[in-house]
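Let's take a walk through this model, one neighbourhood at a time. Have the viewer open and follow along.

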Amino acid sequence: MTPENLLHLLQTTQKCTFGCPTIDRSVGGGIACSSLTEIVAESGCGKTQLCLQLSLCAQLPLSNGGLNASSLYIHTEFPFPFRRLQQLSQAFSSSYPQFSNPSDHIFVEPVHSAHQLFDIMPKIESSLENRNSHLPIRLIVIDSIAALFRSDFDNTPSDLKRRSSLFFKISGKLKLLAKKYSLAVVLTNQVVDLMGSSDGLNALRIGNLKFLCSSERRVCPALGLAWANCVNSRLFLSRNEEVVGEGEGMVNGSELVQRRKTRRWLHVVFAPHLPKSSCEYVINREGVVGVES
């Protein structure tokens, strides 16, 4: 598919809402179907919670920005957050009473290695072919892709070559499924600290941002440049601590205690159908909510 054809497809394709108008506006209406979207973040930014929320919102009717569909949630980092999913499900049911047990339509599949993920692709396609169910699967989440490859390969030339080959096999199959079944496919990725110049071949300078910063340090997506070429769109979640005032009390008998606030941001790093954009968000009991600027 040419870049021009992909751009047209993503501009006109159906989107899956995050359930928050502010976040949706930042990403052009939601997660685009028929393509692969990566969400990159360090631990504590809320990428898993965002994916759980997306999986619930996929069940919404088309008129509410959903896909009228179930989700397949492939988790690779254990344990799976069932308690948080139930909490989000309750909040979702409060907003949409017609969904009494929304978590029943999120099918959780544990995967322990990249080779296992590739081997179950036929099983996944078989599930997708079952279009007779009330809510067929139209969202696939893989949380996280980095955990699979980090456990399977060493940092040797031969292993890196085999790893890159498996990158393209898995992403190629996911893209075929996304296009064939009009799926939204979301993959989460971790970050690593950036060592040295930001001009290195680590996918850092691909996209809208000159560099990525979270927790007051420069980071780059895990898995490098080869993986960056496997996804159609990349979103980056960041977090930083800010001093919001001086509290009462003393530290070491002399200094006032500083009160701090965690601020989180979503950035569009690259996407052929989206301009540069970002939005602040907060995480509460009900889920991930954008902050109006």
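**Around Gln190**

Leaving out residues up to four places away in sequence, Gln190 touches Val40, Ala41, Glu77, Ser144, Ala146, Ala147, Arg150, Cys220, Pro221 and Ala222, where contact means heavy atoms within 4.5 Å. Before going further, a word on the ground rules: this is a predicted model, local features need pLDDT of at least 70, side-chain atom pairs count only at pLDDT 80 or more, and totals for chains, interfaces and linings use all residues. Residues are numbered from 1 along each chain as its sequence is written, and side-chain values use heavy atoms, with hydrogens and water left out.

Gln190 itself sits in the loop between β7 (184-189) and β8 (191-193). Helices (H or I, at least four residues) and strands (E, at least two) are DSSP runs, numbered from the N terminus. With a relative accessible area of 14%, Gln190 is buried; the label means under 20% relative accessible area, while exposed means over 50% and partly exposed is in between (1.4 Å probe, protein chains only).

One of the residues Gln190 touches is Val40, found in strand β3 (residues 35-41). Val40 counts as buried, at 0% relative accessibility. Setting aside residues up to four places away in sequence, Val40 touches Asn189, Gln190, Val191, Pro221, Arg234, Leu235, Phe236 and Leu237. Now look along the chain: Val40 and Val269 are 229 residues apart, yet their C-alpha atoms are separated by 9.6 Å.

Back to Gln190, whose side chain joins that of Ser144 in a polar contact of 3.5 Å. A polar contact is a pair of N or O atoms within 3.5 Å; within protein, one must be able to donate a hydrogen and the other to accept it, and residues adjacent in sequence count only if both atoms are side-chain atoms.

Most residues other than glycine have a negative phi, and most peptide bonds are trans. So which way does the peptide bond from Asp143 to Ser144 go, cis or trans? That bond is cis, with omega near 0°, and Ser144 belongs to the loop between β6 (137-143) and α7 (145-152). The bond from Phe78 to Pro79 is cis too, with omega near 0°; Pro79 is in the loop between β4 (70-75) and α4.

As for phi, Glu216 has a positive value near 60°. Glu216 lies in the loop between β9 (212-214) and β10 (217-221) and is exposed, with a relative accessible area of 62%. Leu223 also has a positive phi, near 80°, in the loop between β10 and α9 (224-228), but Leu223 is buried at 8% relative accessibility.

**Two helices crossing**

Next, find helix α3 (residues 47-57) and helix α4 (residues 82-95), whose axes come within 10 Å and cross at roughly 45°. Axes here are lines fitted to C-alpha atoms, for helices over the stretch in contact, and angles run from 0 to 180 degrees between N-to-C directions. That makes α3 oblique to α4: angles under 35 degrees count as roughly parallel, over 145 as roughly antiparallel, 65 to 115 as roughly perpendicular and the rest as oblique. On the α3 side, the contact is made by Gln49, Leu52, Gln53, Leu56 and Cys57, and on the α4 side by Arg84, Leu85, Leu88, Ser89 and Phe92.

**A last stop at Thr22**

Thr22, in helix α2 (residues 21-26), is buried with a relative accessible area of 10%. Its side chain makes a polar contact with that of Glu292 (2.9 Å).
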